[in-house]
Amino acid sequence: MRTSSGTDPDFRQRRRDAARERWKGRIARWSWYAVLAETFLLALYPAGAIAALLAAVLLLLVRLRLDPSFCLRHLPFDVPAGLFILISGVSVLASPDRGFSFYNWYNLVGVYALTYLVVGQQIRTSAQLREWLTALGMAAVLVVLYGFYQYVFGIDISAMKWVDGDAFPELRKRVFSTWENPNILAGYLDIMICMAFGLFIKADSKGKRCVLGVAMLLLAACLAMTYARGACLVIAILFAIYGVLKDRRVLLACLVVGGGLLLLDPVLYERLASVFTKVDTSSEMRLAFWESTVAMIQDHPFLGIGWGAYWMVYPEYDFYLQGADIRIVHAHNLYLNYAAEIGLPGAAAFLWFFFGTMITALRQTFRVNGSSKAQEAEVSKKNEEGKKTEEEQQADECAVSSFAPLFLPFWQEFLQWPASRLLEGASLGMGLAVLSIALNGLTDDLLFNIPSSMLFWMLAAAASAVSLQHEEIIAS
């Protein structure tokens with residue numbers, strides 16, 4: 001018998017259920033904000049990005065415990081990712097310093113795996129993808145602005161050993177912005193140019209294309225300021241290939257922008273021309289490193305020399321420096337470096353994950369052949385409003401944009417993308433971005449840099465999440 005609302009068992013249960021629902025919503029929002037924080041801070045403050053990652057992991061675990069409707073998903077390339085993590089861990093046994101290699105492995109590979117987990121599991125709607133891309137883009141804007149600041153106000157790199165002073169006596173400024181050195185910054189800029197290009201190609205209005213076009217120009221100008229020959233040639237090759245295969249206007253734009261930058265900066269022209277006309281100490285050293293690394297692989301084909309042990313083993317295979325007091329930490333070639341440190345099986349697992357992600361992203365198309373505008377609008381409505389299932393609705397509620405102030409209608413219009421176009425543009429951009437890492441990996445190991453590797457694993461997770469949305473659209 002009921003005596004009062006305060007002692008009614010049903011009333012107390014309803015209160016508990018309501019409180020539980022409120023906490024489910026809060027945890028969902030906070031976990032998503034932690035992912036956005038990691039994305040934004042990665043290029044600006046890596047330590048802050050790692051702190052945000054740890055918060056995202058903790059909140060994800062709480063969400064899994066609190067919300068039975070939210071479950072972990074199987075991403076397309078979980079198997080090769082898991083094999084890479086396992087084999088790289090086993091390679092520690094082959095290291096000359098197992099303690100160091102194990103410490104290095106569980107810190108770095110752990111960060112990469114957790115990034116892949118939180119991003120891949122939490123991007124579930126086009127609204128969330130839009131916010132993630134916005135966070136990524138806002139960070140890129142700040143990186144570019146700081147790069148321009150360095151170039152305008154000057155930074156003398158003559159003592160930093162980033163360029164052969166005898167071969168390029170006039171080169172005194174190479175910007176690196178918030179990254180460790182110009183080559184790492186250049187690899188990051190290649191990735192951001194690809195992301196912007198993918199969205200540019202799929203944009204549905206002139207306004208969006210203008211914004212993205214200006215962004216690509218600024219990114220390209222900052223890339224030129226790094227004087228990184230490999231990265232400049234990689235982005236030119238990517239655009240040239242796309243122009244020949246898909247759209248000749250892209251090829252023309254590439255020629256105009258590239259030609260303009262070379263005319264404005266003769267030092268950049270000399271720097272790029274040196275790839276074909278002369279060999280400086282940088283090129284000579286890379287060739288020597290590769291020769292040494294091939295010898296390492298031949299001697300240790302299965303488990304490699306141990307995760308992170310390149311700098312310890314290199315002196316035994318030093319055919320070039322001959323005992324000079326210089327620590328060589330990687331092979332300046334992504335493929336050789338992985339094969340040397342974790343063996344051929346481990347490198348094969350990583351390349352399966354790497355190129356599988358790239359090919360899947362480049363092959364995605366989100367508009368069914370012959371679909372009508374009404375069908376496309378229905379897909380967009382499902383992804384944007386999330387009214388089909390309770391899980392989708394909760395995901396969209398925690399993806400309400402905080403980047404579009406009401407007093408900036410143009411900014412709001414820029415963020416309004418049809419779901420299919422956003423998914424296609426992001427997928428194309430991520431596929432090209434991974435391809436840029438693959439090409440840059442021929443002359444440098446960008447993934448040796450921790451934030452760069454975190455960014456790659458983040459891109460791989462997002463590309464996998466987008467591919468799952470593609471499967472859902474096809475199934476519907």
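# Exercises on a helical model

Ser452 has a relative accessibility of 9%, so it counts as buried. Buried means under 20% relative accessible area, exposed over 50%, and partly exposed in between, with a 1.4 Å probe and protein chains only. The model is predicted, so local features need pLDDT of at least 70 and side-chain atom pairs pLDDT 80 or more, while totals for chains, interfaces and linings use all residues. Residues are numbered from 1 along each chain as its sequence is written, and side-chain values use heavy atoms, without hydrogens or water.

**Exercise 1. State how many helices and strands the protein has, and what share of its residues is buried.**

Step 1. Count the elements. There are 18 helices and zero strands. Helices (H or I, at least four residues) and strands (E, at least two) are DSSP runs, numbered from the N terminus.

Step 2. Turn to burial. Of the 476 residues, 51% count as buried.

Step 3. Look at contact range. A contact means heavy atoms within 4.5 Å. Take the contacts between residues at least 6 apart in sequence: 79% of these join residues at least 24 apart.

**Exercise 2. Describe the surroundings of Leu136.**

Step 1. Locate the residue. Leu136 belongs to helix 5, residues 126-153.

Step 2. Classify it. Leu136 is buried, because its relative accessibility is 5%.

Step 3. List its partners. With neighbours within four places left out, Leu136 contacts Thr39, Tyr188, Met192, Met195 and Leu455.

Step 4. Compare sequence with space. Glu38 is 98 residues from Leu136 in sequence, yet their C-alpha atoms are 9.5 Å apart.

**Exercise 3. Classify the packing of helix 5 against helix 6.**

Step 1. Read the geometry. Helix 5 and helix 6 (residues 182-202) pack at about 135°, with axes 11 Å apart. Axes are lines fitted to C-alpha atoms, for helices over the stretch in contact, and angles run from 0 to 180 degrees between N-to-C directions.

Step 2. Apply the classes. Under 35 degrees is roughly parallel, over 145 roughly antiparallel, 65 to 115 roughly perpendicular, and the rest oblique. Helix 5 is therefore oblique to helix 6.

Step 3. The crossing is left-handed. That means the near helix is turned anticlockwise from the far one by less than a right angle; clockwise is right-handed.

Step 4. Name the residues. Helix 5 supplies Trp132, Leu133, Leu136, Ala139, Ala140, Val143 and Val144, and helix 6 supplies Leu185, Tyr188, Leu189, Met192, Met195 and Leu199.

Step 5. Sort them. This contact of helix 5 with helix 6 has 13 nonpolar residues, no polar and no charged. Ala, Val, Leu, Ile, Met, Phe, Trp, Tyr, Cys and Pro count as nonpolar, Asp, Glu, Lys and Arg as charged, and the others, Gly among them, as polar.

**Exercise 4. Do likewise for helix 6 and helix 8.**

Step 1. The axes of helix 6 and helix 8 (residues 229-245) come within 9 Å and cross at roughly 20°. Helix 6 is therefore roughly parallel to helix 8.

Step 2. The crossing of helix 6 and helix 8 is right-handed.

Step 3. Ala186, Gly187, Asp190, Ile193, Cys194, Phe197 and Ile201 of helix 6 meet Ala231, Val234, Ile235, Leu238, Phe239 and Tyr242 of helix 8. The contact of helix 6 with helix 8 comprises eleven nonpolar residues, one polar and one charged.

**Exercise 5. Classify helix 3 against helix 4.**

Step 1. Helix 3 (residues 78-90) and helix 4 pack at about 170°, with axes 11 Å apart. The two helices are therefore roughly antiparallel.

Step 2. Asp78, Ala81, Ile85, Ser88 and Gly89 in helix 3 meet Trp105, Val109, Ala113 and Tyr116 in helix 4. The contact of helix 3 with helix 4 divides into six nonpolar, two polar and one charged.

**Exercise 6. Check the span of helix 2 and say what covers its buried residues.**

Step 1. The expected span is 1.5 Å times one less than the number of residues. For the 21 residues of helix 2 (46-66) that gives 30 Å, and the end C-alpha atoms are 30 Å apart, so the two agree.

Step 2. Its buried residues include Gly48, Ala52, Leu59 and Arg63. Their cover includes helix 1 (9-41) and helix 4 (98-122).

**Exercise 7. Where do Tyr227 and His332 lie?**

Step 1. Tyr227 is in the loop between helix 7 (206-226) and helix 8. Its phi is near 55°, positive in a residue other than glycine. Tyr227 is buried, with a relative accessible area of 4%.

Step 2. His332 is in the loop between helix 12 (310-313) and helix 13 (334-363). The phi of His332 is near 55°, a positive value in a non-glycine residue.
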